Each structure stands twice: as structure tokens, then as C-alpha cells.
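Please examine the structure shown below. The paragraphs that follow lead through its aromatic residues, its surface patches and its salt bridges.

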Amino acid sequence: MQWWQWVLLWAALALLGTAYVGWRLWRLWPPLKALGREAADAQDRLTEIEARVRELEDQLRSVDDLAVLRSPAELREEYETLRSRRRAERDARRKARRPAWTDHVEW
């Protein structure tokens, strides 16, 4: 082959290679845009979650308040205490709704 044929061959190969890469990038562009939108949405959600975590950190007085680090017996006792207090409050509300003539009746 003569030298100009080699130049044409390499020019054609370069042109075809460039066309192939361009075609692949053209097909890749829409999914990349969608990925960028998803990343932006995820960043927004993460910002909201971080703000909520900061709010909750302010409410948490100490690490000892975390239920994971406390003893199960202590948590059960606290649960029972709160449960009995809620039950008493509910009974008081029920009693307040009943007519006065039913006070002597045990429900």
C-alpha cells in the first residue's frame, strides 16, 4: 500500500472511532442527567434529615438517655410506670364523661 492509502485508512479509523465515542456519549447523556437529578434530590433529602437530626440532638440531654445503652429492667420499669399513669389519666377522663349518678358504679 502506498503512503496516502495508509493516511486514508488511519483517517477513516479515527473518524469512525470518534463517531462511535460520540454516539455512545449521546446515548449516555440522558441517564447521566437523570442521575444528576436523583443526586440533587438525595442531597436535598439528606439536608432535611440532617436538620431533623440536629433538632433531635438538642432534645437529647445525654448519651445515657439512649434506650440502647440502658438496662432492660430499668426500661421495663419506666414503661410500666408510664403505662399505669396513662391508664389512670384515661380512667379519669372516662369518669369525667360519665353522668354523676353512676359514680357509685365500678366500671
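Rings of Phe, Tyr and Trp (for Trp, the six-membered ring) are taken as a pair if their centres lie within 6.5 Å; planes under 30 degrees apart count as stacked, over 60 as edge-to-face and the rest as tilted. By this rule there is one aromatic pair. Tyr20 and Trp23 make up that pair, which is tilted, with 6.1 Å centre to centre and 40° between the planes. A pair of aromatic rings is described by the distance of the centres and the angle of the planes.

The model is predicted, and local features need pLDDT of at least 70, side-chain atom pairs count only at pLDDT 80 or more, and totals for chains, interfaces and linings use all residues. Residues are numbered from 1 along each chain as its sequence is written, and side-chain values use heavy atoms, with hydrogens and water left out.

Helices are DSSP runs (H or I, at least four residues), as are strands (E, at least two), and they are numbered from the N terminus. Tyr20 and Trp23 are three residues apart in helix 1, and therefore about one helical turn separates them.

Patches are made of residues with over 30% relative accessible area and no salt bridge; like charges are joined within 9 Å, and nonpolar side chains (Val, Leu, Ile, Met, Phe, Trp, Tyr) within 5 Å. The areas come from the Shrake-Rupley method with a 1.4 Å probe, and for residues only the protein chains shown count as cover. A nonpolar surface patch of about 860 Å² is made by Tyr20, Val21, Trp23, Leu25, Leu28, Trp29, Leu32 and Leu35. Leu8 is likewise found in helix 1, and with 54% relative accessibility Leu8 counts as exposed. Between Leu8 and Leu25, 17 residues apart along the chain, the C-alpha atoms are separated by 25 Å.

Charged patches require two further conventions. Lys and Arg count as positive and Asp and Glu as negative, whereas His and the chain ends are not counted. The place of a charge is taken as NZ of Lys, CZ of Arg, CG of Asp or CD of Glu. On this basis Glu38, Asp41, Asp44 and Glu48 form a negative surface patch. Asp44 lies in helix 1, which covers residues 3-59, and is partly exposed at a relative accessible area of 46%. A positive surface patch is formed by Arg83, Arg86, Arg87, Arg90, Arg93, Arg94 and Arg97. Of these residues, Arg86 is found in helix 2 and counts as partly exposed at 40% relative accessibility.

Which charged residues form salt bridges, and how many salt bridges are there? A salt bridge is a side-chain nitrogen of Lys or Arg within 4 Å of a carboxyl oxygen of Asp or Glu. By this rule there are five salt bridges. One of them joins Glu55 to Arg52, with the closest N and O atoms 3.1 Å apart. Glu55 and Arg52 are three residues apart in helix 1, so they are separated by about one helical turn. Both partners count as partly exposed, Glu55 at 44% relative accessibility and Arg52 at 43%.

Another salt bridge links Glu78 and Arg70, whose closest N and O atoms are 2.4 Å apart. Glu78 is partly exposed with a relative accessible area of 37%, and Arg70 is partly exposed with 22%.

Arg85 forms a salt bridge with Glu89, the closest N and O atoms lying 3.6 Å apart. Arg85 counts as partly exposed at 48% relative accessibility, as does Glu89 at 39%. Both residues lie in helix 2 (residues 72-97), four residues apart, or about one turn of the helix.

Key
Buried means under 20% relative accessible area, exposed over 50%, partly exposed in between (1.4 Å probe, protein chains only).
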